[in-house]
Amino acid sequence: MSAVRPLRTAANTAAPRWVRAILQWPAFALALRVGLASAYLIGGLDKLLDFNGAVAEQAHFGLQPAVLWAVLAIAVEIVASLLLIVNRQVWLAAGALGVLTLVAMLVANDFWHMEGQARFMAKNAFLEHLGLICALAMAARLAVLERKDVE
């Protein structure tokens, strides 16, 4: 006969005290937001410093008018990243970065049109971008639950 296992309850599945302590540190929350926004912020600054390259990138992926798309990408990447980092209007920042990421993953990682190694790499990049969108949505959800997005 097999022993009956007790059902797991919140009390016996909770994270250890030291994990909960770390997760509650304000500096840890800031580090997470900086980490999540870092690729976008650096990407936006790189595009700003090499605007012609940013325009060429948009044109390469068929986004026209390329200048408008470059300006939009730069503005969203920089402004939304800063909002996310300072924990203000996180829903708006995460939404803007999520839409930008969605557009990028659809135009740059169209693995369904590829074969072989190119398909494999584009599919991985597509799924990584999907993960970023989910992380942004989670950041917005946490901000709403913590009532930090009302300012």
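Helix H6 (residues 90-108) and helix H7 (residues 116-145) pack at an angle of about 170°, and their axes lie 9 Å apart. The two helices are therefore roughly antiparallel to each other, since angles over 145 degrees are counted in that class. On the H6 side, the contact is formed by Val-90, Trp-91, Ala-94, Leu-97, Gly-98, Thr-101, Leu-102, Met-105 and Leu-106. On the H7 side, the contributing residues are Phe-126, His-129, Leu-130, Ile-133, Leu-136, Ala-139, Ala-140 and Ala-143. Sorted by class, the contact of H6 with H7 has 14 nonpolar and three polar residues, and no charged ones. The structure described here is a predicted model.

The protein as a whole has seven helices and zero strands. Read from the N terminus, the order of its elements is α-α-α-α-α-α-α. Of the 151 residues in the protein, 27% are buried. Among contacts between residues at least 6 apart in sequence, 59% join residues at least 24 apart. The accessible surface comes to about 10,300 Å², and carbon and sulfur atoms account for 69% of that area.

Ala-104 lies in helix H6. With a relative accessibility of 31%, Ala-104 counts as partly exposed. Ala-104 and His-129 are separated by 25 residues in sequence, and their C-alpha atoms are 8.5 Å apart in space. His-129 is one of the H7 residues that take part in the contact with H6.

By class, the contact of H3 with H4 has four nonpolar residues, one polar residue and two charged residues.

Within helix H4 (residues 51-60), the residues Ala-54, Val-55 and Gln-58 are buried. These three residues cover an arc of only 100° around the axis, which places them on the same side of H4. In general, an α-helix has 3.6 residues a turn, so residues three or four places apart point the same way. Asn-52 and His-60, on the other side of H4, are exposed. The cover over the buried residues of H4 includes helix H3 (26-49) and helix H5 (66-85).

Apart from its neighbours within four places in sequence, Ser-81 is in contact with Ala-37, Tyr-40, Leu-41, Val-76 and Leu-97. Of these partners, Leu-97 also takes part in the contact of H6 with H7.

Most residues other than glycine have a negative phi, and most peptide bonds are trans. Just after H4, Gly-62 adopts a positive phi of about 80°. Further along, Gln-64 and Pro-65 are joined by a cis peptide bond, for which omega is about -5°. Pro-65 is placed in the loop between H4 and H5.

The loop between H5 and H6 holds Asn-87. Although Asn-87 is not a glycine, its phi is positive, at about 65°. Asn-87 is buried, with a relative accessible area of 12%. Gln-89 is found in the loop between H5 and H6 as well. The phi of Gln-89 is near 45°, again a positive value in a residue other than glycine. At 22% relative accessibility, Gln-89 counts as partly exposed, whereas Asn-87 is buried.

Conventions: Residues are numbered from 1 along each chain as its sequence is written. This is a predicted model: local features need pLDDT of at least 70, side-chain atom pairs count only at pLDDT 80 or more; totals for chains, interfaces and linings use all residues. Side-chain values use heavy atoms; hydrogens and water are left out. Axes are lines fitted to C-alpha atoms, for helices over the stretch in contact, and angles run from 0 to 180 degrees between N-to-C directions. Helices (H or I, at least four residues) and strands (E, at least two) are DSSP runs, numbered from the N terminus. Angles under 35 degrees count as roughly parallel, over 145 as roughly antiparallel, 65 to 115 as roughly perpendicular and the rest as oblique. Contact means heavy atoms within 4.5 Å. Ala, Val, Leu, Ile, Met, Phe, Trp, Tyr, Cys and Pro count as nonpolar, Asp, Glu, Lys and Arg as charged, and the others, Gly among them, as polar. Buried means under 20% relative accessible area, exposed over 50%, partly exposed in between (1.4 Å probe, protein chains only). Accessible areas come from the Shrake-Rupley method with a 1.4 Å probe; for residues, only the protein chains shown count as cover. The arc is that of the directions from the helix axis to the C-beta atoms.
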